[in-house]
Amino acid sequence: MAVSLAAAIPRTVARTSPFSSSDNSMLSHFSSLQFPSELRTFRIRNHCPISKLRLRTITLVASKKQALSSFDELLDNSDKPVLVDFYATWCGPCQFMVPILEQVSTSMIDKIQVVKIDTEENPMIADKYKIEALPTFILFRDGKPCDRFEGAMAAEQLVKRIETSLQVKE
Amino acid sequence: MRALQASTSYSVGVGISSVALPPQPSPHRHVILAKVDPTDKSVEIMRKFSEQYARRSGTYFCVDKGVTSVVIKGLAEHKDTLGAPLCPCRHYDDKDTEAQQGFWNCPCVPMRERKECHCMLFLTPDNGFAGQEQTISSEEIRETTANL
């Protein structure tokens with residue numbers, strides 16, 4: 001499957017939490033935007049003549065059809081259940097969950113795959129799953145949602161919730 | 001400038017385990033989506049508002065002031081782009097309509113009626129995440145959001 005972003009300069013979705021100095025090596029377990037590293041570090045700064053905006057990063061985007069179909073493919077092709085975190089940059093509880101998700105992603109690496117969706121950049125995916133409050137977590141099994149919950153919580157609670165959901169017989 | 005609200009293209013903020021990029025340029029149209037910081041003025045307005053409203057409502061900021069800071073900046077960002085501090089912890093179909101309608105403008109109806117703030121900005125004392133403070137400085141906001 002080729003996500004055609006030939007000139008893509010993706011903004012890494014898994015950003016370092018402002019609340020703790022998380023070890024970036026843990027991000028390798030954490031499925032986020034995993035383009036080759038030469039693309040990951042490339043940034044455009046202030047080429048835009050709009051004087052009032054202070055541009056930090058620019059992301060070249062694919063068509064919305066691709067984003068949704070990439071996500072669907074990811075769900076279909078995953079051999080493990082997928083925990084999806086729908087978030088937004090300026091959502092406090094979402095940022096609170098960043099290190100917690102990294103921790104859970106690592107500790108449950110054999111059991112689940114963790115994916116984060118920025119709802120501002122992927123509104124179509126957020127609309128499809130009727131996301132309202134942020135963060136919303138949806139656990140997908142065999143490509144279909146099997147559990148859904150909202151809000152921030154401690155790592156132990158998150159692990160417990162996931163394990164309980166995965167124990168439910170289909 | 002309403003460049004942020006471009007509705008025709010979206011970035012792929014999706015994690016995928018392996019990607020094969022084609023050698024030739026993509027035939028699809030690309031649009032640049034920029035991430036912008038709120039203005040200092042709006043952040044200061046929302047900071048003062050948050051302190052006042054916490055006092056007035058008898059609620060407290062999160063033990064983790066980073067959460068408070070991010071929400072304050074989110075409110076400021078919406079104030080800049082939409083003219084009103086729309087709740088940053090929600091996904092909306094149409095932000096402009098929502099900002100005009102007002103239900104989710106901070107302080108939102110659930111907060112005003114039931115002291116329910118899912119942003120974790122205003123926490124009742126019985127909430128496990130509630131700290132002891134009803135103040136937050138510009139310095140705290142700057143420091144805890146430096147990475148964003």
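Student: This model is predicted. Is the crossing of α3(A) and α2(B) right-handed or left-handed?

Tutor: The crossing of α3(A) and α2(B) is right-handed. That term applies if the near helix is turned clockwise from the far one by less than a right angle.

Student: At roughly what angle do the axes of α3(A) and helix α2 of chain B cross?

Tutor: The angle is roughly 140 degrees, and the axes come within 7 Å. Helix α2 of chain B spans residues 65–82.

Student: Why is α3(A) called oblique to α2(B)?

Tutor: Roughly antiparallel requires an angle over 145 degrees, and roughly perpendicular covers 65 to 115. The angle here is roughly 140 degrees, so α3(A) is oblique to α2(B).

Student: Which residues of α3(A) and α2(B) meet?

Tutor: A:G92, A:P93, A:Q95 and A:F96 come from α3(A), while B:V67, B:V70 and B:V71 come from α2(B). By class, this contact has five nonpolar, two polar and no charged residues. Gly counts as polar under the scheme used.

Student: Which residues make the contact of α3(A) with α5(A)?

Tutor: On α3(A) they are A:M97, A:I100, A:L101, A:Q103 and A:V104; on α5(A) they are A:A155, A:L158, A:V159 and A:I162. The classes are eight nonpolar, one polar and no charged residues.

Student: Leaving aside neighbours within four places in sequence, what is A:V159 in contact with?

Tutor: A:V159, which lies in helix α5 of chain A, is in contact with A:V104 and A:M108. Contact requires heavy atoms within 4.5 Å. A:I131, by comparison, is 28 residues from A:V159 in sequence and 22 Å away in space, C-alpha to C-alpha.

Student: How many cavities of 30 Å³ or more does the count give?

Tutor: The count comes to one. The largest cavity holds about 90 Å³ of space. A set of points is called a cavity if a 1.4 Å probe fits there but cannot get out.

Student: What lines the largest cavity?

Tutor: Its lining has 14 residues, and those nearest its centre are B:C87, B:C106, B:C108, B:C117 and B:C119. By class, the lining has twelve nonpolar, one polar and one charged residues. Cys counts as nonpolar.

Technical notes: Residues are numbered from 1 along each chain as its sequence is written. Chains are lettered from A and ligands numbered from 1 in the order in which they are written. This is a predicted model: local features need pLDDT of at least 70, side-chain atom pairs count only at pLDDT 80 or more; totals for chains, interfaces and linings use all residues. Side-chain values use heavy atoms; hydrogens and water are left out. On a 1 Å grid over the protein atoms alone, a cavity is a set of points where a 1.4 Å probe fits but cannot get out, and a pocket is an open set with protein on both sides within 12 Å along at least five of seven lines; lining residues have an atom within 4 Å of a point. Grid points are joined across faces, edges and corners, and a volume is the space filled by probe spheres set on the points. Helices (H or I, at least four residues) and strands (E, at least two) are DSSP runs, numbered from the N terminus. Axes are lines fitted to C-alpha atoms, for helices over the stretch in contact, and angles run from 0 to 180 degrees between N-to-C directions. Angles under 35 degrees count as roughly parallel, over 145 as roughly antiparallel, 65 to 115 as roughly perpendicular and the rest as oblique.
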